[in-house]
Amino acid sequence: MKGIKKSVIALSLLAAFCGPHEQGSNGAASTAQSTIRVGLYGAFTGSTATFGQNTKRGVELAISEINGAGGVLGRKLELFSEDDQGKPEEAASAVTKLITQNNVIGVIGENASSRSLAAAPICQSRHIPMISPSSTNPDVTMKGDYIFRVCFIDSYQGRAVARFARDTLKLSRVAILRDVKNDYSVGLAKFFGDAFIATGGRIVGDLSYVEGDNDFRSQLTAIKTMSPEAIFVPGYYTEVGQIAIQARDLGITAPLLGGDGWDSPKLLEIGGRSLDGAYFANHYFPDEPRPAVQNFVTKYRALYHQAPESVAALGYDAVGILAQAIRAAGSLDSAKIRDAIAQTKDFQGVAGVTTMGPDRNPIKPVALLHVSGGKIAFKEWVKP
């Protein structure tokens, strides 16, 4: 026991005199720190792990490029990552650790709105800027003026898909099948439905399921009797593929419509040709010829041997915007970094050219993608 006590005392003295950083008045790491610490939290395990894993890949690629070009303010970025396992309570714990133990000056995350909503108040109370790659629920950035995102929000995405359904596909009768326990799905369903009705369309049915379900036949059987021209499924790829298979098994030929929650290499692995004819909104398309996109796709493929999905592009852009803001601030003061993020204008990102709006939501276009022949192709842009 005596040896243990001596070790504890020695470690305490070492921490006191050789700590990795000093603290500023806002709790952010001061200039005594040799690296600029950036936090990332996401679902690296769990049912939607591909979102977190691919976002992390985009974040790591961005940090590697920035460090290879000399870093920011003469320092290299250092990434600290926490797995929230897809659970809101774990997201709150992860962000608390990143801020209080790892002393990060900014946080990237989360993909899912429910987890961002749990973690954002912690970042706000600590005055640490948080940039969500793909949380589209409008309430996320309403948690405070330190909370940003690089993706379009559900209200715009929902309106964009509704406008596409009415103007391009000429649909007038659509059914909705939403994940009733998912903030993202519930919100996107509402915004789509409201916009579709406002433009003269009719929602012929609104049914629900819960994430993790694998049998949707009762809901789809009910929808079939309503004879919709399309079914809007604002869920995640994990359930969408099974919904498509079961819809076709029941003889439903109406196309499925969806949002950015569909975007994953697993989507077509699960749903296969049952998804042919479907359309969904997304943040970018890897075949876009813009140089920023093609440079990113080439480097990502070389590292990970697959095409990057939208969350990877959004994670990459989130780091780019944070790094640009630190340079503009000229310091690691969190308030100055926050102000610089808010002033982002015409950022040439992979997932679109981004200007940060007054509500800390980006102004950018929405890509509508089409599934045909077991492949995903670009259909059209819907611009704000």
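Me: Which residues lie nearest the centre of the largest cavity, and how many residues line the largest cavity?

Reply: The model is a predicted one. In it, the largest cavity is lined by 17 residues. Phe51, Asn111, Ser134, Tyr236 and Asp260 are those that lie nearest its centre.

Me: Which helices each supply at least two residues of the lining of the largest cavity?

Reply: They are H4 and helix H11, which spans residues 310–329. The largest share, 3 residues, comes from H11.

Me: How does the lining of the largest cavity divide by class?

Reply: There are 6 nonpolar, 8 polar and 3 charged residues.

Me: What residues line the second largest cavity, and why do they count as nonpolar?

Reply: The lining consists of Val38, Ile63, Leu77, Ile108, Val319, Leu322, Ala323 and Ile326. Ala, Val, Leu and Ile are among the types that count as nonpolar. The lining therefore divides into 8 nonpolar, no polar and no charged residues. H11 provides the largest share of this lining, 4 residues.

Me: Why is serine 116 called buried?

Reply: The term buried requires a relative accessible area under 20%. Serine 116 has a value of 0%, so serine 116 is buried. This residue lies in helix H4, residues 113–126.

Me: What makes Tyr41 a contact of serine 116?

Reply: Contact means that heavy atoms lie within 4.5 Å. Leaving aside neighbours within four places in sequence, serine 116 is in contact with Tyr41, Gly109, Glu110, Met130, Ser132, Ser135 and Val140.

Me: How do you know whether isoleucine 341 is buried or exposed?

Reply: Its relative accessible area is 0%. That value is under the 20% cut-off, so isoleucine 341 is buried. Isoleucine 341 lies in helix H12, residues 334–342.

Me: Which residues does isoleucine 341 touch, not counting those up to four places away in sequence?

Reply: Isoleucine 341 touches Pro129, Ile131, Phe148, Ile321, Leu322, Ala325 and Met356. Of these residues, Leu322 also belongs to the lining of the second largest cavity.

Terms used. Residues are numbered from 1 along each chain as its sequence is written. This is a predicted model: local features need pLDDT of at least 70, side-chain atom pairs count only at pLDDT 80 or more; totals for chains, interfaces and linings use all residues. Side-chain values use heavy atoms; hydrogens and water are left out. Buried means under 20% relative accessible area, exposed over 50%, partly exposed in between (1.4 Å probe, protein chains only). On a 1 Å grid over the protein atoms alone, a cavity is a set of points where a 1.4 Å probe fits but cannot get out, and a pocket is an open set with protein on both sides within 12 Å along at least five of seven lines; lining residues have an atom within 4 Å of a point.
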